[in-house]
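The sequence and structure come first, and the description follows.

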Amino acid sequence: MKSLREFDIAFVGLKPGVHAFQYQITDSFFENYGPQDFSNCNATVKLQFDKKSSFFMLKFEIGGTITVICDRCGAPFELQLWDDFDQVVKLVENPDELQNDEDPDVTYISKTESHFNVADLIYEYINLSIPMQRIHPDDANGKSGCDPKVLDMLDKMNQQAGDNKNPIWKDLDKFREN
């Protein structure tokens with residue numbers, strides 16, 4: 001398992017104020033988290049770390065590309081990543097008691113800590129940057145980027161499904177017309 005120490009931020013030595021960090025994320029980063037449903041990750045994560053006396057405000061900016069499988073045609077394509085996320089890290093006496101708080105944008109750590117590892121947040125935010133539905137984007141002419149053979153086959157299947165209407169639903173179609 002690859003070490004994630006490069007994602008540790010030693011906040012004790014930082015002066016109050018805004019600090020900037022940047023991380024290049026590739027497929028090797030995800031080896032620590034198991035198999036993913038994407039490949040060829042080439043992402044840049046910019047982190048703005050605003051240190052206050054008893055809390056930190058983190059702003060993550062995600063950008064880059066990954067290769068995903070199209071939900072419509074099954075062919076791989078390159079998906080652009082772009083998103084940003086905010087996280088507040090509070091320094092408290094008993095973080096275990098407060099960690100069950102309902103707000104996912106707030107993390108609690110002990111006042112005795114000296115480092116904060118952002119690897120899990122980066123993993124989560126990259127995955128949240130990927131849309132639930134992954135379909136080839138349209139080209140410059142407005143035509144689908146999906147495989148035309150697969151699109152033709154899907155159209156034929158939809159037409160056949162329309163021709164073979166189930167008689168059980170016949171009476172229900174009357175309600176649709178009203």
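## Strands, core and charged pairs

Gln22 stands opposite Lys46 in β3. The model in which this pair is found is a predicted one. Strands β2 and β3 are antiparallel and share 10 bridges. Strand β3 also pairs with β4, again in the antiparallel sense, through 11 bridges. One of the residue pairs here is Asn42 with its bridge partner Thr65 in β4. Three residues separate β3 from β4, and the two strands form a hairpin.

**Overall make-up**

The protein has four helices and seven strands. Their order along the sequence is β-β-β-β-β-α-β-β-α-α-α. Of the 178 residues, 31% are buried. The accessible surface is about 12100 Å², and carbon and sulfur atoms account for 51% of this area. When contacts between residues at least 6 apart in sequence are taken, 57% of them join residues at least 24 apart.

In soluble globular proteins, nonpolar side chains tend to be buried together. The largest nonpolar core in this model contains 38 residues, and Ile25, Val118 and Ile122 have the most contacts inside it. Two or more residues of this core come from each of β2 (17-26), β3 (39-51), β4 (55-69), β5 (76-92) and α2 (119-129). Setting aside residues up to four places away in sequence, Val118 touches Phe7, Ile9, Tyr23, Leu47, Leu58 and Phe60.

**A buried histidine**

His136 sits in the loop between α2 and α3. Is His136 buried or exposed? Its relative accessibility is 12%, so His136 counts as buried, the cut-off being under 20%. Beyond its neighbours within four places in sequence, His136 is in contact with Cys70, Cys73, Ala75, Pro76, Phe77, Gly145 and Cys146.

**Salt bridges**

Side chains of opposite charge can pair when their charged atoms come close. The protein has five salt bridges, including those in the table.

| Salt bridge | Distance, N to O |
|---|---|
| Asp84 and Lys59 | 3.7 Å |
| Lys59 and Asp86 | 3.9 Å |
| Lys111 and Glu93 | 3.7 Å |

Asp84 and Lys59 meet in a salt bridge. This pair links distant parts of the chain, with Asp84 in strand β5 and Lys59 in strand β4, 25 residues apart. Lys59 and Asp86 meet in a salt bridge as well. Because Lys59 lies in strand β4 and Asp86 in strand β5, this pair ties together parts that are 27 residues apart in sequence.

Lys111 is in the loop between β6 (106-110) and β7 (116-117), while Glu93 is in the loop between β5 and α1 (95-98), so the pair ties together parts 18 residues apart in sequence. Glu93 is exposed, at 57% relative accessible area.

Which residues make a nonpolar surface patch? Met153, Leu154 and Met157 do, and the patch covers about 290 Å². Met157 belongs to helix α3 (residues 148-163). With 49% relative accessibility, Met157 counts as partly exposed.

How values were computed:
Residues numbered from 1 in each chain as written. Predicted model: local features only at pLDDT ≥ 70, side-chain atom pairs only at ≥ 80, totals over all residues. Heavy atoms only, no water. Patch = residues over 30% accessible without salt bridge, like charges linked within 9 Å, V, L, I, M, F, W, Y side chains within 5 Å. Areas by Shrake-Rupley, 256 points an atom, 1.4 Å probe, with all protein chains shown as cover. Salt bridge = Lys/Arg side-chain N within 4 Å of Asp/Glu carboxyl O. Buried < 20%, exposed > 50% of the residue type's maximum accessible area, 1.4 Å probe, protein only. Contact = heavy atoms within 4.5 Å. Core = buried A, V, L, I, M, F, W, Y, C linked by side-chain atoms within 4.5 Å. Pairing = 2+ DSSP bridges.
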